[in-house]
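Morning, everyone. Please have a look at the structure first.

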Amino acid sequence: MTNIGGFPRKLLPVLRCARDSAELSVSNEQQSDETSITEGSLRCCLCSREYAIQDGIVRLMLEELTDETRHEIALKDEEYEAMAVEFTAPVDGWRSEFLDRLEIPPVIAALQPLDGCRVLEFGCGDGRFTVLMAQQGADVLAVDFSFPALQKLRRRLPSGKAPTTYRMAGGVERNLVPQVGLVNADASAFHVARLSFDRALSATPLDHRDERMKMFHVIADSLKDDGRYVAGVEYDYLQRRMLGLPIARRYTPGGIFIEHFDMATIHREIAPYFTHVRMSLIRARVPFVKKLPMSVAVKLSLAVCSIPVLKHLGDLLLMRAEAPIRLPKEGVRRPGWLGAKTLYRWYKRRKGEDPTWDAGEFV
């Protein structure tokens with residue numbers, strides 16, 4: 001196998017044990033250089049669990065997976081194993097040129113500025129957004145549960161060419177290996193260092209509420225105070241509601257599970273983790289629009305998403321969340337009130353006791 005670079009050493013310090021969220025240290029280097037590790041292993045500093053670095057990809061996947069997750073991994077692995085490294089856009093579907101031109105620009109715009117930022121990306125697949133963000137100057141920790149998808153992405157990094165026909169203004173196709181760290185993991189059982197990312201992205205949602213809540217928690221903890229989380233969520237768009245189609249379904253019989261959300265539902269789920277949340281609708285489903293020339297069809301679909309009522313033809317909800325909410329850390333004192341502290345010190349001295357206090361005195 002040709003060595004095309006490994007996992008960047010500069011991103012190793014942000015990784016944590018998937019089981020207990022403790023720090024990881026390099027325990028073995030079979031193939032490496034000064035900037036990256038291609039083959040080796042990491043060890044948890046607390047539980048001593050070993051995680052392999054294989055083909056430049058850190059393997060943080062745990063064995064304990066739900067049946068649904070195993071089913072989805074098997075389907076995705078099969079899909080990506082059959083996919084050519086050289087990307088060819090399908091005529092129709094979610095990877096088509098038309099849908100990419102509707103979805104990619106607003107997602108990338110919501111993440112800006114990216115130059116010099118560190119991004120945590122969940123569900124990276126074979127790198128449609130990963131490569132575009134790195135082209136813009138970001139360092140990306142890209143996470144996916146499909147190892148074949150990450151292998152495809154790794155082979156695209158030296159050329160810096162994204163698996164999409166969409167090309168960004170200012171995007172430079174170059175060697176992106178030093179900027180992208182690939183991790184094979186389940187988003188609902190994943191941990192990174194707190195306050196270590198400027199941006200987070202999940203272009204596709206997790207299927208079950210408990211898994212989404214765990215991911216939101218990880219993202220909120222991982223972002224800096226001025227960080228931003230951008231997510232794409234399948235919307236319960238107008239046509240579906242009018243026709244009474246199911247909220248929960250599968251893309252194909254026996255295929256991947258999908259749930260459609262309204263704004264109120266997704267806001268309730270993410271509200272415990274972010275103070276400021278904004279939502280907009282993109283990727284409008286306009287009747288007969290594909291019969292128009294591509295440029296006209298794209299402009300019309302984008303315009304529809306800015307018109308009241310008609311915007312609900314958009315089938316993708318774009319969420320931008322900021323001001324992450326931190327869960328309280330054990331034993332960390334708050335500023336309190338100076339007057340109360342002064343009065344309490346006077347009281348303790350009057351009693352002939354040391355003028356200090358701890359939580360146990362008030363239990």
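Before the helices, a word on axes: each axis is a line fitted to C-alpha atoms, for helices over the stretch in contact, and angles between N-to-C directions run from 0 to 180 degrees. Keep in mind that this is a predicted model.

Start with helix 2, residues 97-111, and helix 3, residues 128-135. Their axes come within 11 Å and cross at roughly 45 degrees. That angle makes helix 2 oblique to helix 3, because angles under 35 degrees would count as roughly parallel and 65 to 115 as roughly perpendicular. The crossing of helix 2 past helix 3 is right-handed.

Which residues meet there? From helix 2 we have D100, E103, I104, V107, I108 and L111, and they meet R128, F129, L132 and M133 of helix 3.

Next, the rings. The structure has 5 aromatic pairs. One of them is F216 with Y273, at 6.4 Å centre to centre and 55 degrees between the planes, a tilted pair. F216 belongs to helix 5, residues 209-222, while Y273 sits in the loop between helix 7 (263-270) and strand 13 (274-284), so this pair ties together parts 57 residues apart in sequence.

Are these two residues buried or exposed? Both F216 and Y273 are buried. They also belong to a cluster in which ring pairs link F216, Y229, Y273 and F274.

Last item, a charge and a ring. R59 has its charged end over the ring of F147, 3.8 Å from the ring centre.

That is my list.

Notes
Residues numbered from 1 in each chain as written. Predicted model: local features only at pLDDT ≥ 70, side-chain atom pairs only at ≥ 80, totals over all residues. Heavy atoms only, no water. Phe/Tyr/Trp six-rings, centres within 6.5 Å; stacked < 30°, edge-to-face > 60°. Helix = DSSP H or I, 4+ residues; strand = E, 2+ residues; numbered from the N terminus. Buried < 20%, exposed > 50% of the residue type's maximum accessible area, 1.4 Å probe, protein only. Lys NZ or Arg CZ within 6 Å of the ring centre and 35° of its normal. Parallel < 35°, antiparallel > 145°, perpendicular 65-115°, else oblique. Left-handed = near helix turned anticlockwise from the far one by under 90°. Contact = heavy atoms within 4.5 Å.
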